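I opened the model to look up a few elements one by one. These are my notes, in the order I took them.

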Amino acid sequence: MIRAEDLLHPTPAGLYCPPGDFYIDLVRPVDRAVITHGHSDHARAGHGAVLATRQTLNIMAERYGDAFTGREQAAAYGEATAINGVDLRLVPAGHVLGSAQVEVRWKGLTMVVSGDYKRRRDPTCAPFEPVPCHVFISEATFGLPVFRHPPDAEEIGRLVRSLGQFPERAHLVGAYALGKAQRIVRLLREAGWMRPIYVHGAMERLNALYQREGVDLGPLRSRRDLPKGALGGEVAIAPPSAIQDRWARRFADPIAAFASGWMGVRARARQRGVELPLVISDHADWNELTATFEELKPEEVWITHGREEGLLRWAELHGLKGRALRLVGYDEEDVEDDDG
């Protein structure tokens, strides 16, 4: 009987598979990488070869240039492939466009690397698909019982109501450029907001990529060349750092909003000067994390990328073997394009 550590184990470069001689979501360039999704804390340039979904490869090319890797290998969801005798399959993770879990099988052992994931519906990407496994490697960005995210529709409803209450003021929504920004646009469309939405220039290329992938974002506009004081009563979406800098100065008495799971922590909202915090996350909250463990019933859960202690304690109380991976290079508070 092989040990799980024989198939996957943490190294300074990232999670490594010795029999397949590849890494998953590593933090430095290597010869062969499997990438779960396009956020910069998981997808780095400079690898000899990259296996990922076609959408993730396209995102990496958009962000890093066409020469981001020596060789690309695209795998569709559910498609069986193998590297050096280790069987692989990419399965939807529900995090952002193209995001995938990595099912790794070898000598009767199945391990699933979730990457980042969420369980609630997202109109911009394929939903999370549970995969039975012996070992489930889970993120823990919101791995404490205090994190229980409200329904997305309620939070978007708060934004729409504020637009009605303050029609003379622009609403600037801080949202990370990959995944969160496009999701906010789609949720606004579903809530009936069909007017043009203004976007920061840093988001335009990724918005265009989403549109090419069939995600209808509706009419989008640039803020360029607008007169100062324009856009009262309109919505603009920008990277969080931009809502407090020169980019925001042309808007009419703006209301600063920020869409993130961290907006459930009032001190963080105050620290960022956010007037309208929107608790909308691209990560699983406590209930979703523990419900996933209960659904999968793996023999072990390995916890990484966040608050391991709470989930390890939950696993112990529920008779489940747990382990903290503590991978190097994954600190969610320092990641500019995926902060919850």
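**Strands β18 and β19**

I began with strand β18 (residues 300–306), which is joined to β19 by 4 bridges, the two strands running parallel. I found E300 opposite K321 of β19. I note here that the model is predicted.

I then looked up what packs on the sheet there. Helix α7 (residues 286–296) does, and it touches β11 (135–140) and β18. The direction of α7 makes about 175° with that of β11. Helix α8 (residues 308–317) also packs on the sheet, with β11, β18 and β19 as the strands it touches. For α8 I noted an angle of about 165° between its direction and that of β18.

**The sheet**

In what order do the strands of the open sheet run? I read it as β7-β8-β9-β10-β11-β18-β19, which makes 7 strands with mixed pairing. At the edges I have β7 (80–83) and β19 (321–324), each of which pairs on one side only. From one strand to the next, the twist averages 25°.

**Loops next to sheet strands**

I looked up K297 and placed it in the loop between α7 and β18. Its relative accessible area is 66%, so I put K297 down as exposed, the cut-off being over 50%. K297 and L320 are 23 residues apart along the chain, and I have 8.3 Å between their C-alpha atoms.

In the loop between β7 and β8 (86–92) I found N84. Its phi is positive, about 55°, although N84 is not a glycine. With 55% relative accessibility, N84 counts as exposed.

D21 is another residue other than glycine with a positive phi, near 55°. Is D21 buried, exposed or partly exposed? At 44% relative accessibility I count D21 as partly exposed, because that class lies between 20% and 50%.

**Aromatic pairs**

My search of the whole structure gave 10 aromatic pairs. I took F136 and F293 from the list: their ring centres are 6.1 Å apart and their planes stand at 75°, so I call the pair edge-to-face. F136 lies in strand β11 and F293 in helix α7, so this pair ties together parts that are 157 residues apart in sequence. I found both F136 and F293 buried.

F142 and F147 were next. Their ring centres are 5.0 Å apart and the planes are at 70°, so this pair is edge-to-face as well. F142 is buried, at a relative accessible area of 0%. F147 has 8% relative accessibility and also counts as buried.

I also noted one aromatic cluster, formed by Y117, F128, F136, F293 and W314.

**Arginines over rings**

I looked up charges over tryptophan faces. R268 lies over the face of W262, 4.0 Å from the ring centre. R323 lies over the face of W302, and there I have 4.7 Å to the ring centre.

**Strand β15 and its neighbours**

I moved to strand β15 (residues 235–238). Strand β12 (residues 171–174) is joined to β15 by 4 bridges, and these two run parallel. In that pairing I found H171 opposite V235. β13 is joined to β15 by 2 bridges, again parallel, and V199 stands opposite I237 of β15.

Which way do the side chains of β15 point? V235 and I237 point one way and A236 and A238 the other, and all are buried. In a regular strand, side chains alternate between the two faces of the sheet.

**Helix α5**

My last entry is helix α5 (residues 204–212). I found L206, N207, L209 and Y210 buried in this helix. Seen down the axis of α5, these buried residues fall within an arc of 160°, so they line one face of the helix. On the other side of α5, I have R205 and R212 as exposed.

What covers the buried residues of α5? The cover includes helices α2 (54–64) and α4 (180–190), along with strands β13 (197–199) and β14 (220–222). Just after α5 I came to G214, which takes a positive phi of about 95°.

Methods:
Residues are numbered from 1 along each chain as its sequence is written. This is a predicted model: local features need pLDDT of at least 70, side-chain atom pairs count only at pLDDT 80 or more; totals for chains, interfaces and linings use all residues. Side-chain values use heavy atoms; hydrogens and water are left out. Buried means under 20% relative accessible area, exposed over 50%, partly exposed in between (1.4 Å probe, protein chains only). The arc is that of the directions from the helix axis to the C-beta atoms. Contact means heavy atoms within 4.5 Å. Two strands pair if DSSP finds at least two bridges between them. Axes are lines fitted to C-alpha atoms, for helices over the stretch in contact, and angles run from 0 to 180 degrees between N-to-C directions. Rings of Phe, Tyr and Trp (its six-membered ring) pair if their centres lie within 6.5 Å; planes under 30 degrees apart count as stacked, over 60 as edge-to-face and the rest as tilted. A charge sits over a ring if NZ of Lys or CZ of Arg is within 6 Å of the ring centre and within 35 degrees of the ring normal.
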